Every structure is written in C-alpha cells, then in structure tokens.
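Colleague: I'm new to this one. Could you pick a single part, take a close look at it and talk me through what you see?

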Amino acid sequence: MHQSLSPSKAALAGITVLDVAGPLGNYCGKLFADLGARVILVEPLAGAPARQLEPRIAGRDDADASLTFQFQNTNKESIALDLDSEAGQQVFRALASRSALVLESEQPGTMARRGLGYASLGEVQPALVMTSISAFGQCGPFAHWQATDLTAMGLGGMLYLAGYPDTAPMVACGEQAIGAANVYAAVASLAAVYDAEVSGSGQHVDVSMQECVVLGMENAVQFYELEGTVRKRNAGTQRLAGTGVFACADGYIYLMAGGIGSNRFWATTTEWLLEEGVAGASQFKEPRWNDQAFLASDEAKRIFGEVFMPFAATLTKEALHAKGRARRIPLAPICDARDIARDPQRAYRGYFVDVADAHGTPLRMPGAPYQLSATPWQLRRRAPRLGEQTRDILAWAGYTPAGQEALIRQGVVQ
C-alpha cells in the first residue's frame with residue numbers, strides 16, 4: 001500500500017529527535033518519526049507512562065499491550081534510561097550532542113534540576129532545539145500546577161461550550177487538549193529546527209496545553225469582547241429551527257436548513273420535504289420562516305421537529321445523506337467507529353494501516369491524515385519494546401561494548 005522509501009526520500013531524514021517519554025509529547029514525536037526523523041524514545045526504567053494506558057489489547061496486560069502506546073510510538077526506537085542518576089544524565093547529554101531536537105513534557109523545572117535543561121544542553125549542542133510541553137507553560141502563576149486533559153479543557157474554556165444546555169459541561173473523548181498540544185508543539189518545533197539549521201543556533205520552544213485549548217474556541221472570546229455575549233452549549237439541540245442533530249432509522253444526522261445562507265437552504269429543504277410528501281411541510285413556505293428571529297424561537301424549533309423527525313425516522317443515515325447531497329443541502333451523517341472503519345473514502349486513500357506488535361499481534365491503526373507526493377510518510381517499524389534498541393543507541397552515542405555493559409550492570413540503562 002505504501003511504497004518503499006530510501007532514507008534520502010523521507011522528508012525529515014537526517015534529523016534526530018530525543019522524545020523524553022510523556023503523554024504530552026508522544027504524538028508530537030510520532031509526527032516527526034512518521035516523516036523519517038530518527039526518534040529515540042527515552043523511557044524511564046519502568047517504561048513510558050503511556051504503556052499503562054487503556055484500552056489494551058484483549059486478553060493482555062503486558063508492557064506492550066496499550067493500544068495508545070502502540071499507536072503513538074510507531075517508527076521510534078527505545079532506550080530505557082535513568083535520568084535521575086548522574087550516569088544517566090551523562091548518557092542523555094551524549095545523545096543530545098548528536099540530536100537536533102529534544103521533546104519533553106516533564107513538570108517545569110524537572111529537566112533543569114537534572115542538569116538537562118535547555119541552557120545546559122545548549123552548551124553541548126548550540127544548535128539544539130528543546131521543546132517543553134506542559135499544562136500551563138514554563139512560567140506564570142499556574143506553571144507548576146499539575147493537570148490532566150480535563151483540567152486543560154476546563155481552564156481553557158472549551159469545556160464550557162461542550163455538552164447539552166440542560167446538563168453539566170461534557171468533555172469530548174480522545175483527550176483533545178493533549179492532542180492539540182502535541183500538534184502545535186510539532187509545528188513550532190519544526191519551525192525552530194529549520195531556523196537552527198539556517199542560523200546555527202537553537203532555541204527553547206515553550207508550549208502551553210491550556211493556550212492550545214483557548215485557540216480552539218472559535219469566536220467565543222470575540223463574541224464576549226465585541227458584544228458582551230457569552231456563548232452557550234447547544235450540543236445536539238436545534239440552534240435555529242432546522243439546524244441541529246436529528247435521529248434517524250440507524251443513528252443521527254446533522255442538518256443545517258436555517259442559519260448561514262438560510263434563504264437558499266431553507267427553500268431547498270422545504271422543496272425536498274414537499275417532494276417527499278412530508279405532512280406539514282407546506283407551512284415552511286410561509287414568510288415567517290425567513291425571519292431569523294422566528295427560526296431561533298422555541299416555537300419554530302418545535303414545529304420543525306414535529307414535521308421533520310417522523311420523516312427522518314423512516315430513513316437511514318446513508319439514505320438521508322444521499323438525498324441531501326442530491327439537493328446540495330448541508331446534511332451529514334454522524335459517524336460512529338464502525339462507520340469510520342468501513343468508510344470507502346478512507347479505504348481508497350489507504351488511511352488505515354496494519355502492523356504486528358512485538359508479540360506478533362496484528363493491529364490496525366490510523367495512518368497519516370496527509371499525503372506528500374514526493375516524500376510521503378511511511379510506517380517503517382512497530383512500536384518498540386522497552387529498551388529494545390538501548391545497545392544500538394548507546395553505540396551511536398559513542399559507548400563501547402564494555403561501556404554499555406558497565407551502564408547495564410549499574411542499572412543506568414536496560
């Protein structure tokens with residue numbers, strides 16, 4: 001499915017990244033690895049925290065069973081290294097001296113206390129870029145607070161907008177705050193690495209997960225600044241009559257009959273419902289349905305629901321989507337995991353890829369959501385076992401076989 005690439009054809013070939021294992025940076029490291037960078041996962045002796053994350057491969061509870069770890073660490077190598085020991089810190093400096101980028105998501109100040117902060121590492125590699133991803137950034141009154149994805153979604157404001165009007169806020173699944181921090185960190189890191197290659201000087205990239213969440217709030221802040229309006233949760237309810245989530249025979253669809261471009265969409269939706277012989281649809285031709293204020297009223301939402309929902313309940317998501325597309329009406333099926341897995345568009349583009357883990361268990365996982373025509377991404381290797389490449393990495397860093405054995409005996413690496 002994916003062509004075989006020589007290292008010279010990989011977009012980021014020649015770049016070495018040290019990924020200090022942590023949930024705020026694992027996916028960022030994967031983005032570099034998938035495009036050809038050599039990414040070394042620096043794990044504590046007990047293993048990366050992501051190795052303990054659910055969900056796990058059915059029937060297994062070993063260190064390689066986490067599906068999250070398996071996905072986020074493809075194309076990486078692993079060294080198990082004690083960064084809290086002096087010898088381990090010396091190893092890390094040796095690795096950093098040969099690297100272009102260090103990714104770390106420890107609590108602010110942790111790497112500096114180990115003697116592995118940006119200032120110290122810059123002395124051994126002046127062109128080194130160090131990206132620190134934390135909940136609130138490296139400075140400020142919240143900098144040393146610990147946080148989860150839920151904390152960042154709450155303090156970033158996104159949580160307030162998520163959920164139903166008559167319930168407490170709800171967080172979107174999939175740890176979206178952590179995902180956003182990883183993606184923004186990758187973009188900023190790549191820009192800094194490019195600058196370092198041009199200028200010869202590295203820099204420290206400081207990424208705040210909370211600030212990444214704030215950037216995803218669309219125009220909520222501007223609404224408040226300009227109008228004094230605090231946007232509310234609306235979830236699946238009709239924001240305007242005809243605009244919202246509606247149940248159908250096998251799930252849900254999203255319809256936008258009113259709102260942006262409402263005159264055209266409303267008239268087209270009305271004609272569609274009349275063609276289908278839907279009872280009560282003729283009233284939608286009345287002038288009041290072209291009034292935005294009326295569309296926003298509870299009365300209008302109730303009437304539209306009473307007319308449209310019995311009709312939608314007789315058709316599947318696929319059938320409704322086809323009918324909407326034929327008339328250029330904004331109508332989309334709300335896909336569940338099964339729909340996504342069997343989607344013909346993703347199959348055509350080869351989006352899902354197959355790989356066997358270290359135990360030979362076959363896994364299917366998402367590939368890259370982009371395609372580069374000349375230097376495409378490539379799934380070159382499965383996620384590593386803990387310390388699987390420790391000896392190779394130490395040899396690359398200049399350690400002789402005897403030196404490697406000494407470190408192993410001391411418990412500095414494994």
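Modeller: Let's look at where helix α1 (residues 26-34) meets helix α8 (residues 176-199): in this predicted model, their axes come within 8 Å and cross at roughly 50°. An angle under 35 degrees would count as roughly parallel, and 65 to 115 as roughly perpendicular, so α1 ends up oblique to α8. As for the hand of the crossing, α1 and α8 make a right-handed one. If you want to find the contact on screen, pick out N26, Y27, C28, L31 and F32 on the α1 side. Facing them from α8 are N182, V183, A185, A186, S189 and L190.

S99 sits in the loop between α3 (86-96) and β4 (101-104). Its relative accessible area is 3%, so S99 is buried, given that buried means under 20%. Leaving aside residues up to four places away in sequence, S99 touches T16, L18, Q125, L128 and W396.

R113 is another story. It belongs to helix α4 (residues 110-113), and R113 is exposed because its relative accessible area is 66%, where the cut-off for exposed is over 50%.

Methods
Residues are numbered from 1 along each chain as its sequence is written. This is a predicted model: local features need pLDDT of at least 70, side-chain atom pairs count only at pLDDT 80 or more; totals for chains, interfaces and linings use all residues. Side-chain values use heavy atoms; hydrogens and water are left out. Helices (H or I, at least four residues) and strands (E, at least two) are DSSP runs, numbered from the N terminus. Buried means under 20% relative accessible area, exposed over 50%, partly exposed in between (1.4 Å probe, protein chains only). Contact means heavy atoms within 4.5 Å. Axes are lines fitted to C-alpha atoms, for helices over the stretch in contact, and angles run from 0 to 180 degrees between N-to-C directions. Angles under 35 degrees count as roughly parallel, over 145 as roughly antiparallel, 65 to 115 as roughly perpendicular and the rest as oblique. A crossing is left-handed if the near helix is turned anticlockwise from the far one by less than a right angle, and right-handed if clockwise.
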